[in-house]
Amino acid sequence: MYELTEEKRKALTEFLGECWHDPIRRTFFEDGCYNEYYECTKCGVGAEGFSYTITTTLNRTFTTGNDMVALKEKLLETGKWHSFLISCINEWEEKNKYIDLEILEFTEWLLTPQRFAWLTSEFLKGEA
Ligand SMILES: [Zn+2]
């Protein structure tokens, strides 16, 4: 549940108006040996790393507080905040219909970076 697939992370990144980096391996010769790094084919941003982690290294994971705040700011900026919150309340009530939780707990439930990102992704998908 609330799994952030690469497809979801890519869509959320594009919602933020940022590049979903598509890294390509580059090598260079320095101090007598070959070194490698990865460079985005779209915007040119680069990073060192390993091929199997570089996409995660370069792109947002949407599992951090900073990512969550970026999504919240974008939802506000695009005028989608209120309908997003309503969709979250609906999701929360659906998941908790047999549990007597106070509505105040909703905020704690909502403000979990990965869940927040997943909910934003589902909300945007429902809008499309
Ligand atoms: Zn890029």
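Let me start with one definition: a residue is buried if 20 or more other C-beta atoms lie within 10 Å of its own, exposed if 12 or fewer, and partly exposed in between, with the C-beta atoms placed from the backbone. Hold on to that, and let's meet Glu-73. With 12 C-beta neighbours inside 10 Å, Glu-73 counts as exposed.

Two notes before we go on. This is a predicted model, where local features need pLDDT of at least 70, side-chain atom pairs count only at pLDDT 80 or more, and totals for chains, interfaces and linings use all residues. Residues are numbered from 1 along each chain as its sequence is written.

So where does Glu-73 sit? Glu-73 lies in helix H3; helices here are DSSP runs of H or I with at least four residues, numbered from the N terminus.

Which residues of H3 are buried? They are Asp-67, Met-68, Leu-71 and Leu-75. Looking down the axis of H3, the buried residues fall within an arc of 100°, so they line one face of the helix; the arc is that of the directions from the helix axis to the C-beta atoms. On the other side of H3 we find Glu-73 again, exposed along with Gly-65, Asn-66, Leu-76 and Glu-77.

What do the buried residues pack against? H1, helix H4 (81–95) and H6. Just after H3, Gly-79 takes a positive phi of about 70°.

Now please find H1 (residues 6–15) and H6 (residues 113–127). These two pack at an angle of about 80°, with their axes 10 Å apart. That makes H1 roughly perpendicular to H6, a label for angles of 65 to 115 degrees. Axes are lines fitted to C-alpha atoms, for helices over the stretch in contact, and angles run from 0 to 180 degrees between N-to-C directions.

Who meets whom? Lys-8, Ala-11, Leu-12 and Phe-15 in H1 meet Ala-117, Trp-118, Thr-120, Ser-121 and Leu-124 in H6, where contact means C-beta atoms, placed from the backbone, within 7 Å.

Let's finish on Ala-11, in helix H1. Ala-11 is partly exposed, with 17 other C-beta atoms within 10 Å. Leaving aside neighbours within four places in sequence, Ala-11 is in contact with Ser-121 and Leu-124.

Key:
Parallel < 35°, antiparallel > 145°, perpendicular 65-115°, else oblique. Contact = placed C-beta atoms within 7 Å.
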